[in-house]
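This report is meant for a reader who is meeting the structure for the first time.

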Amino acid sequence: MEIQTAPLPQNGLGFLYTYGKGVPQDYVEAAKWFRASAAQGLASAEYNLGMLYEQGLGVPKEYVQAFHYYREAADQGNALAQVRLGFLYDAGIVLSQRPGEAMRWYRAAAAQGNAQAECQMGNGFYQGRDVARDYSEAARLFGKAAEQGLAEAENNLGVLYHLGKGVERNDEQALYWLRKAAERGLAGAESDLGVMYEDGSGVAKDYREAAHWYLKAAEQGDTRGQVNLASMYYTGRGVSLDYESSYLWYASAAANGDKPSARRLKDLGRLMTPRQVREAQAKFNARQGGLSPVQSVALGFGATQSSDEIARSTF
């Protein structure tokens, strides 16, 4: 008599091996059990196997296979898989002959109350991507996702309140939502909260508090936070005037591709002694191993200070 293994326990085993709970972490073993469960049609296992293929964990990194398993799960109504399909279409990793495929899958997941899908739909309406641009609808969707505690949506809603797009301009509300996102550790929100304190928007102007939030963002590799913090050190606002620290953060921003920061380094070099430059470069080199540019779906105010331009990062 052959013993049959049910798909739910198989998927559960895959989860345990993925996260190393009660067993050694082993992505190959995780993929084996997810595959066995997915073969029996369990949507959550199909989604989990798709994630392994998308990230190349325990299996080769293959977007075609990831797409296959996401689609299998999405067709069964799995909201997480529907969101990942939307991401793949949005990022151009998967091409479609039909326009609006990303929004179609986000809409399906949002109908189930998935906060990430609501946020991505909000981005679509904000940008007019595959739908008519509609700031009010973007704000509504960001609000729904923000109420569920999604940091990116909290940030985006705060930005819309600051810019007065889709909602009446209200810097107190902007500050409220940006702070919630920043307290969850979202680097872009930390930068934008710093701008609010530096400009005195919705709150008393406080350079020290601005520098505090810029530092948090900068340490995560956020270019805007690095540029703004470097400027604070350069002028001595909220922090002691410190050309070496200014050099460190402009160098970090320049390494992330910010050209104005690269030019500012030359100006700083003329104000510093050769020894100060060497020490600043040494600090920069020591930090580079732990810093990388931040990527997210969050909106933002712009490179330095507040502006009316909102840039969307890549996924």
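Helix H9 has 13 residues, and its first and last C-alpha atoms lie 18 Å apart, close to the 18 Å expected at 1.5 Å a residue. Helices here (H or I, at least four residues) and strands (E, at least two) are DSSP runs, numbered from the N terminus, and the expected span of a helix is 1.5 Å times one less than its number of residues. In H9, 13 of the 13 residues are buried, so this helix is largely enclosed by the rest of the structure; buried means under 20% relative accessible area, exposed means over 50%, and partly exposed lies in between (1.4 Å probe, protein chains only). Just after H9 comes Gly164, which takes a positive phi of about 70°.

The model is a predicted one, in which local features need pLDDT of at least 70 and side-chain atom pairs count only at pLDDT 80 or more, while totals for chains, interfaces and linings use all residues. Residues are numbered from 1 along each chain as its sequence is written, and side-chain values use heavy atoms, with hydrogens and water left out.

**The chain as a whole**

The chain holds 16 helices and 0 strands, and buried residues make up 48% of its 315 residues. Among contacts (heavy atoms within 4.5 Å) between residues at least 6 apart in sequence, 51% join residues at least 24 apart.

For helix H11 (residues 187–199), 13 residues at 1.5 Å a residue should span 18 Å, and the end C-alpha atoms are 19 Å apart, which agrees. Because 12 of its 13 residues are buried, H11 is largely enclosed by the rest of the structure. What covers these buried residues includes helix H9 (151–163), helix H10 (171–183), helix H12 (207–219) and helix H13 (223–235). H11 is followed by Gly200, whose phi is positive, near 75°.

Two packed helices are described by the angle between their axes and the distance between the axes. The axes of H11 and H13 come within 9 Å and cross at roughly 35°, where axes are lines fitted to C-alpha atoms, for helices over the stretch in contact, and angles run from 0 to 180 degrees between N-to-C directions. On the H11 side, Gly188, Ser191, Asp192, Val195 and Glu198 meet Arg224, Gly225, Asn228 and Met232 of H13.

Tyr214, which lies in helix H12, counts as buried at 0% relative accessibility. Leaving aside residues up to four places away in sequence, Tyr214 touches several residues, including Glu190, Ser191, Gly194, Val195, Glu198, Gly225 and Asn228. Tyr214 and Arg224 are 10 residues apart in sequence, and their C-alpha atoms are 8.2 Å apart in space.

The 13 residues of H4 should span 18 Å at 1.5 Å a residue, and its end C-alpha atoms are 18 Å apart, which agrees. Ala66, Phe67, Tyr69, Tyr70, Ala73 and Ala74 are buried in H4, and what covers the buried residues of this helix includes helix H2 (27–38), H3, H5 and helix H6 (101–110).

A search of the whole structure finds 8 aromatic pairs. Rings of Phe, Tyr and Trp (its six-membered ring) pair if their centres lie within 6.5 Å; planes under 30 degrees apart count as stacked, over 60 as edge-to-face and the rest as tilted. Two of these pairs are set out below.

| Pair | Centre to centre | Angle between planes | Arrangement |
|---|---|---|---|
| Tyr53 and Tyr69 | 6.0 Å | 5° | stacked |
| Phe67 and Tyr89 | 5.9 Å | 90° | edge-to-face |

Tyr89 is buried, with a relative accessible area of 14%, while Tyr53 counts as buried at 7% relative accessibility and Tyr69 counts as buried at 13%.

**A loop residue**

Asp130 has a positive phi of about 70° although it is not a glycine. Asp130 is found in the loop between helix H7 (115–127) and helix H8 (135–147), and at 47% relative accessibility it counts as partly exposed.
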